[in-house]
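Good morning, and thank you for coming. I shall present one structure today, and I ask you to keep the view before you as I speak.

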Amino acid sequence: MTKIADIIILGGGPAGCTAALYAARAALDTLMIEKLAPGGQVATTEHVDNYPGFPDGIDGYSLGERMEKQAARFGSISLRGEVVRVSLDGPVKEAELADGTVHRARAIILAPGASPRELGLAGERELRGRGVSYCATCDGAFYRGRDVLIVGGGDTAAMDALFLARICRKVTLIHRRDTLRAARVYQEQLRAQDNVTFLWDSAVEEILSGETSRVSGVRVRQLKTGESREIAGDGLFIAVGNVPNTSLFRGLLELDEAGYLTAGEDTLTALPGVFAAGDARKKPLRQVLTAAADGAVAAAMAEEYLARPYPGLPRR
């Protein structure tokens, strides 16, 4: 039987790291479990301009790394591993890792974040790493001096296009609407790029691949006319939103129609001692700042919960 910690935090993104910081500073025995690198999705962002305290911006990986180190300074323990099972009811919560290790705590903060949404096209998954990518800053360097395609119209797609425009010969941005949803500052920067072309009112209906089983282009359908045409490209970057990483909690907690955890601004779920924070929580705005705010609230609510008397589980 492993020891029972005060708090387990699932996820090491901005929400998880901030929760770990606040919990550890409150002298709570805190364990944070992250599957990949600290920072979650922000770690794949080349430049973060809208997080307070960094007037010149900061790269996402460094921001995530600093967040984790700050929590560790107060005693939070970070662990790399994939959680495959959770037990959330009862006074002791459990998180089982892929290697069979089970960690237990009296409270748990769910901050699993989200993953890039796929287009759902034939061959998309098979071509991942062979021309299909969901992270321009991760894979863009492989396409230096080449022609690439981007699908999307939000901030992520615009930032990806700006990043790729600096290293690629030509960037074609494909969007279902006739205007981008991205912030105006990104739109203005994009229009100033000579090597960025826009395909409006268009949707990718097929990913093309050559004899080498690598992306060679896409077939695009013009939504207003119904006409289709092929566009050549060595890489396809997909930036059409995210899907919450909440499948592990299906049937255990209430999820909305899109799969987000239904917890309010107080981060409380329907189960005592279980809190939801960050991009996996149903909320109107998902940014690094709002995720961090969620983490602070969740830690405070967990601390309040742990202060209540529980027979058989005295506070150490």
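**Contacts, cores and helices**

Leaving out residues up to four places away in sequence, T197 touches K170, V171, T172 and L173; contact here means heavy atoms within 4.5 Å. Before I continue, please note that this is a predicted model, in which local features need pLDDT of at least 70, side-chain atom pairs count only at pLDDT 80 or more, and totals for chains, interfaces and linings use all residues. Residues are numbered from 1 along each chain as its sequence is written, and side-chain values use heavy atoms, with hydrogens and water left out.

T197 belongs to strand β11. Helices (H or I, at least four residues) and strands (E, at least two) are DSSP runs, numbered from the N terminus. Is T197 buried, exposed or partly exposed? Its relative accessible area is 34%, so T197 is partly exposed; buried means under 20%, exposed over 50%, and partly exposed in between, with a 1.4 Å probe and protein chains only. From T197 to S228 there are 31 residues in sequence and 18 Å in space, C-alpha to C-alpha.

Strand β11 is also one of the elements against which the buried residues of α4 pack, and others include β10 (170-174) and α5 (184-191). Helix α4, residues 155-165, is mostly covered, with eight of its 11 residues buried. Among them are D160, L162 and F163.

I turn now to the nonpolar cores. Such a core is a set of buried Ala, Val, Leu, Ile, Met, Phe, Trp, Tyr and Cys residues joined through side-chain atoms within 4.5 Å. The largest one has 30 residues, and those touching the most other members are I7, I9, Y51, L63, A107, I109 and F275. Two or more residues come from each of β1 (4-10), α1 (14-25), α2 (60-73), β6 (102-110) and α6 (288-306). Which element gives the most to this core? It is α6, with eight residues. A second, separate core of 22 residues includes A161, L173, Y186 and L190. In soluble globular proteins, nonpolar side chains tend to be buried together.

Finally, consider α1 and α2, which pack at an angle of about 20° with their axes 8 Å apart. Axes are lines fitted to C-alpha atoms, for helices over the stretch in contact, and angles run from 0 to 180 degrees between N-to-C directions. The angle therefore makes α1 roughly parallel to α2, a term for angles under 35 degrees. Residues making the contact include P14 and C17 of α1, and G64 and M67 of α2.

Terms used:
Parallel < 35°, antiparallel > 145°, perpendicular 65-115°, else oblique.
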